[in-house]
Amino acid sequence: MKFCSTSNKNIQVSFEEAVRQGMAADGGLFVPETIDQLPENFWRNFPQKSFNQISVEVASHFLKGSLPEEDLRKIIQHSLMFDAPLVKVESTIFALELFHGPTLAFKDFGARFLAEVLGYYIGRKQEEITVLVATSGDTGSAVAHGFFNLPGIRVVVLYPSGKVTESQEKQFTTLGGNVTALEVAGTFDDCQRMVKQAFSDEEIRLRRTLTSANSINVARLLPQMFYYFRAFQQIPLPQQKLVIAVPSGNFGNLTAGLWAKKMGLPVDRFVAATNVNNVVPEYLRTKIFRPIHSKMTISNAMDVGDPSNFPRMMGLYNFDHASLTNDVSGYEFTDDETVEAIREVYRTFKYIMDPHGAVGYLGLKKYLANSHFPSTGIFLETAHPAKFKETVEKSITTSIQLPEPLLKLMSKEKKTICIKNDFKELKEYLLNSD
Ligand SMILES: *Cc1c(COP(=O)(O)O)cnc(C)c1O
């Protein structure tokens with residue numbers, strides 16, 4: 001299958017090209033040329049299929065001809081060796097826990113799959129590439145872990161000094177090996193600007209092959225479809241109407257869910273749940289899409305004022321507001337409401353949500369309160385609550401355990417190279433290190 005640009009259907013490239021380029025030459029985002037229903041035999045024996053098997057079949061639907069199935073199977077085996085369990089919270093409300101990967105957030109799915117795919121294509125041509133990424137926290141750790149020790153690949157992570165949490169920092173500064181962390185005296189915006197400058201610098205382009213692993217890469221979206229199928233497999237009453245709430249920032253996660261529905265997954269309604277960065281809920285209400293400057297919240301991985309996957313989402317509905325609202329409802333919530341939800345759900349059901357999952361939960365409850373059908377509700381739990389220890393502990397007034405992988409990291413020594421927020425220093429590092 002070809003992949004084409006959201007802004008021009010005539011720009012079509014192979015999967016390998018889409019992965020390498022990240023973004024289309026016209027500034028659009030790559031999407032599958034078509035999204036067809038899965039074949040009948042996918043659903044045969046569906047309840048018995050392993051997560052692995054489901055993932056291979058869903059991916060093959062798009063990658064037949066781009067990757068031999070045997071290689072695809074290996075890629076999925078290496079990158080996705082953790083489950084996405086559906087955990088009961090209330091009688092008909094479930095959390096789909098997406099934080100059982102090595103960095104305890106759902107970004108592990110996308111980043112690890114992308115790393116394996118890129119590693120596969122690079123390896124076959126014996127190339128050497130540098131993955132350059134700016135992070136405000138979670139992306140850096142998922143990407144660094146995903147690419148850790150893959151041959152031919154060097155990872156350089158830029159992050160703003162003093163502006164990420166200690167556990168986030170430890171996740172990409174203690175790996176060593178092929179991962180270097182550049183600690184920038186500046187803000188996240190400085191880091192992002194320096195990375196962009198590196199990609200357009202003649203001399204660097206001549207001497208280094210750079211690639212970005214950012215969230216618009218289509219290879220990060222494909223594996224995010226897998227767990228929607230896995231969720232459906234674990235529902236006790238699959239005949240009931242199904243509502244899935246997705247806590248959203250750049251809307252990659254929700255887009256993947258909508259793709260899964262297009263492939264035949266029986267979801268009756270998606271809920272786009274945001275914090276006060278409410279550009280999409282606002283669009284759903286008013287038909288007006290108006291990007292904003294992002295506002296800081298306690299669900300900080302969703303502090304996005306101009307969601308990058310919006311064109312992918314709209315493209316799926318032929319840019320028609322009415323068809324989109326047939327499938328998707330949107331709500332936004334304040335930090336106070338989020339904290340209150342974490343507290344209440346813990347008090348009543350003894351389930352600990354992280355601030356992102358809590359926004360999803362709130363969206364789900366709000367939708368269900370106005371719906372007249374008995375439904376099964378799922379909200380995506382996108383991060384382990386321990387990653388947001390302070391906020392969560394304040395809400396539930398008990399202390400939470402750091403899970404084993406985080407605990408181990410906290411005792412490891414951080415190694416970084418400190419640089420100024422000056423592109424020259426980044427350039428010098430990229431050209432003179434190997
Ligand atoms: C990135 C992230 C989100 C937002 O996901 P999008 O695909 O950008 O909408 C939600 N929760 C957590 C924990 C994240 O890291």
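This is a predicted model: local features need pLDDT of at least 70, side-chain atom pairs count only at pLDDT 80 or more; totals for chains, interfaces and linings use all residues.
Trainee: Which ones are buried in helix 6?
Mentor: Asp138, Gly140, Ser141, Ala142, Val143, Ala144, His145, Gly146 and Phe147.

Trainee: OK, ligand time. Which residues are closest to the ligand?
Mentor: Lys107, Gly249, Asn250, Phe251 and Thr382 are the closest, out of 15 residues that surround the ligand.

Trainee: How does that shell split by class?
Mentor: You get 6 nonpolar, 7 polar and 2 charged residues around the ligand.

Trainee: Where does Asp138 come in?
Mentor: Through its side chain: a polar atom there sits 3.5 Å from a ligand oxygen. Asp138 is also one of the buried residues of helix 6.

Trainee: Which polar backbone atom is 2.8 Å from an oxygen atom of the ligand?
Mentor: One belonging to Asn250. Asn253 has a backbone N or O atom 2.9 Å from a ligand oxygen.

Trainee: How much of the ligand does the protein bury?
Mentor: 96% of the 380 Å² that the ligand exposes when taken alone.

Trainee: Switching to the packing. Which residues touch the most other members in the largest nonpolar core?
Mentor: Phe15, Phe147, Tyr227, Tyr228, Phe229 and Ile378, in a core of 98 residues. Helix 5 (residues 107-125) gives this core its largest share, 10 residues.

Trainee: What is Tyr227 in contact with?
Mentor: Setting aside neighbours within four places in sequence, Tyr227 contacts Phe51, Ala84, Leu96, Leu98, Phe106, Phe109, Asn253 and Leu380. Asn253 came up at the ligand too, with its backbone atom 2.9 Å from a ligand oxygen.

Trainee: Now a charged one. Is Arg312 buried or exposed?
Mentor: Buried, because its relative accessible area is 1%. Arg312 lies in helix 14.

Trainee: What does Arg312 touch?
Mentor: Not counting residues up to four places away in sequence, the list is Thr6, Leu29, Phe30, Val31, Ile216, Asn217, Val218, Leu221, Thr255 and Trp259.

Trainee: Which backbone oxygen lies 2.7 Å from a polar atom of the Arg312 side chain?
Mentor: The one of Ile216. A polar contact of 2.7 Å also joins the Arg312 side chain to that of Asn309.

Trainee: Lys427, then: buried or exposed?
Mentor: Lys427 counts as buried, since 19% relative accessibility falls under the 20% cut-off. Its place is in helix 20 (residues 423-432).

Trainee: What is Lys427 in contact with?
Mentor: Asp201, Glu203 and Ile204, leaving aside neighbours within four places in sequence.

Trainee: And Ser167, buried or exposed?
Mentor: Ser167 is buried, at a relative accessible area of 10%. Ser167 sits in helix 7 and touches Lys387, Leu406 and Met410, again not counting residues up to four places away.

Trainee: Where is Lys287?
Mentor: In the loop between helix 13 (279-286) and helix 14 (310-316). Lys287 is exposed, with a relative accessible area of 59%.

Trainee: What about the phi of Lys350?
Mentor: Positive as well, about 60 degrees, and Lys350 is not a glycine either. Look for Lys350 in the loop between helix 16 (335-349) and helix 17 (355-369), where Lys350 is exposed at 57% relative accessible area.

Methods: Residues are numbered from 1 along each chain as its sequence is written. Side-chain values use heavy atoms; hydrogens and water are left out. A residue is near a molecule or strand if one of its heavy atoms lies within 4 Å of it. A polar contact is a pair of N or O atoms within 3.5 Å; within protein, one must be able to donate a hydrogen and the other to accept it, and residues adjacent in sequence count only if both atoms are side-chain atoms. Accessible areas come from the Shrake-Rupley method with a 1.4 Å probe; for residues, only the protein chains shown count as cover. Ala, Val, Leu, Ile, Met, Phe, Trp, Tyr, Cys and Pro count as nonpolar, Asp, Glu, Lys and Arg as charged, and the others, Gly among them, as polar. A nonpolar core is a set of buried Ala, Val, Leu, Ile, Met, Phe, Trp, Tyr and Cys residues joined through side-chain atoms within 4.5 Å. Buried means under 20% relative accessible area, exposed over 50%, partly exposed in between (1.4 Å probe, protein chains only). Helices (H or I, at least four residues) and strands (E, at least two) are DSSP runs, numbered from the N terminus. Contact means heavy atoms within 4.5 Å.
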